[in-house]
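Here are my notes on this one, as numbered points. Have the viewer open while you read.

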Amino acid sequence: MAAVNPIRVLVICDTGPVQEQVTAALGNQPDFQLVDLLTISDRLIREVRAAEPDLIVVDHMVGGQSTLDLIDELSSTFTESSVIAILPGEDSLRAQQVMLAGARAFLVQPFTQVNLISTLRRVRDLDVRRLVTYHPQSAMEERQRPLRIITVFSPRGGVGVSTVAANLALGFQEETDKRILLFEGKLYFGHLDVMLNIRSQNTLADLVPHANNMDDSLVFDVITRHASGVHVMLSPGNIQVAQGIRPDDLYNVFMGVQRLYDIVIVDAGNSLNENSVTLMDAADRVLLVATPDLAALRDASRFIQISKGLGYPTEKMLVLLNRAGMLGGVRPQDIETVLHNQIFAHVADDNANAVRSINRGIPLLYRYPRSPASKSYKKIVKQLNEMSVTEVTTSSYGTPSQSQREALMASSNLG
Ligand SMILES: Nc1ncnc2c1ncn2[C@@H]1O[C@H](COP(=O)(O)OP(=O)(O)OP(=O)(O)O)[C@@H](O)[C@H]1O
Ligand SMILES: [Mg+2]
C-alpha cells in the first residue's frame, strides 16, 4: 500500500543500468514515489520544478556531459529539495566537488538497493528536520525549545575546533544540570581523548553493527565518562576501522546516541564531506570557528557561502572567532566585513595556556578557569543555553525526533 505522503524522488540519468537499478529499488518501497526520470534538455529546470521532487538523484554523466554544473544549479535553484549524486567509483576529489556543488550525499557505484534507500532516507530525514525547524507552516503549532545539538566545524584545520567543542561541553556540564554528550564526529585523527586525558578501547565504531537496533545500555557501555561528568563518544583511533564507517553508519549511530542527551556538542573536524554535512544538517546551530588570519577568514567566508547552498538559514551559522586579539591578527571590524557576517563570540588568544591544557589533558575551563579564554567560554555557554529554536509539535511529519526514529525503524526493515 502506498504511503500517504510518499517521498518524491526525481532521477536524472541516461537509460541504462543506473536507471534500472533506481527504478527497481524505489518500486519496492511504498514510502517512495519515483515522480520522473529525466535526461538533459533545455526544459530540464522547468520539468524538475513541475515534478516538485523532495530528492533529486543525478548520475555523474548524462548525455555525455559531466553533471557537476547541473548539481550546482539544481541545489541553488531548488533549496528545499536535496541532490544526491551518483559517482562512478571511489574518488575523494570528485566526492568533494559534488559536495561543494551542493549535493547532500553521494552514492558510489556499484551500490546496492539497500545503500540507495538508506541514503535517500537519511537525506530526507535530515531535510524534514531542517524544514520543520526553520520553516514551520502556519497551520502547524509552533513551539520553542532550547538548543540540543551544536556542531562545531571549521573548513580549516588547527584553528581550535576540538578545543572549543571540549570546553563548551565542560561549560554546559558546569552551568546546567543537563545530560551532556561530546561526540567526536571527526573520524580521522581525532584527538579528544588526548585533550580530555581519557583512555578507552570503546569508540563509535562499536555501535555500527547495532546502528539499527541500539538499546540504551549498549550506548552507555560504549560511552567514555570524563571526570567532569560529560559523556564522550570517541571516534576510532584506527584509520582502517574509520574507513569502514559509511556516512549512513555514522548517521544511524549519531541518531541512536543523541536521543539520550539534552545537549550534544559535536566536534565535526575540518573537512567538508558527507559526514560533516550530515552532522551539520542534524544541528540546531553550527559554530563556525575561525582565527583572525586571512587564510582562515577566506576559508570561513567561502564556507558561509556554501552553507547557503546547503539551505542553512543565516541564524543557524554562528561565527566564533578563536584566538581573538592574536598578535598581528586582523581587526574584528575588518573580519565582519570579510565574512559579511557578525561575529557571534570571541575567545581570547591564550597560546601558552591552551598548549599547556592540551599537554596536561585538562581543558582550559578547568585548568585556568579565570583566564580570559575560560571567561569567554562561560559566556558562550550562557548565550547558547538561552537560545531556542522553533519547531512544530503537530504535523504530518511528526516532530523531527519522531521522524528520525521512524526512519531508523524503517531502515532496519530493509532486506
Ligand atoms: N584560545 C586559544 N588561544 C591560543 N591558542 C589556542 C586557543 N584555542 C586553541 N588554541 C591552540 O590551537 C591549536 C589547535 O587547537 P585544536 O586542536 O583544538 O584545533 P582543531 O581545529 O581541532 O585542529 P585539527 O584540525 O587538528 O582537529 C592547539 O595548539 C591549541 O592549543
Ligand atoms: Mg580537532
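How many bridges join S10 to strand S13? Read on for that, after a word on conventions. This is a predicted model, where local features need pLDDT of at least 70 and side-chain atom pairs count only at pLDDT 80 or more, while totals for chains, interfaces and linings use all residues. Residues are numbered from 1 along each chain as its sequence is written, chains are lettered from A and ligands numbered from 1 in the order in which they are written, and side-chain values use heavy atoms, with hydrogens and water left out.

1. Five bridges join S10 (residues 180-184) to S13 (residues 263-267), and the two run parallel. Leu182 sits opposite Ile265 of S13. Strands here are DSSP E runs of at least two residues and helices are H or I runs of at least four, both numbered from the N terminus; two strands pair if DSSP finds at least two bridges between them.

2. S10 also pairs with S12 (residues 231-233), again in the parallel sense, over three bridges. Leu182 turns up here too, with Val232 as its bridge partner in S12.

3. S10 is mostly covered, with five of its five residues buried (buried is under 20% relative accessible area, exposed over 50%, partly exposed in between, with a 1.4 Å probe and protein chains only). In a regular strand, side chains alternate between the two faces of the sheet. Ile180, Leu182 and Glu184 point one way from S10, Leu181 and Phe183 the other way, and all are buried.

4. Now the metal. Ser162 (OG) and His191 (NE2) coordinate the magnesium ion (ligand 2) at 2.0 to 2.6 Å. Ser162 belongs to helix H6 (residues 161-175) and His191 to the loop between S10 and helix H7 (192-196), so the pair ties together parts 29 residues apart in sequence. Ser162 is buried at 6% relative accessibility, whereas His191 is partly exposed at 32%. Donors are N, O and S atoms within 2.8 Å of the metal (3.2 Å for Na, K and Ca), and with water not among the atoms, sites may look incomplete.

5. Helices H12 (residues 294-309) and H13 pack at about 40 degrees, axes 9 Å apart. That makes them oblique to each other (under 35 degrees is roughly parallel, over 145 roughly antiparallel, 65 to 115 roughly perpendicular, the rest oblique). Axes are lines fitted to C-alpha atoms, for helices over the stretch in contact, with angles running from 0 to 180 degrees between N-to-C directions.

6. His340 lies in the loop between H13 (332-339) and strand S16 (343-348), and is exposed at 66% relative accessible area.
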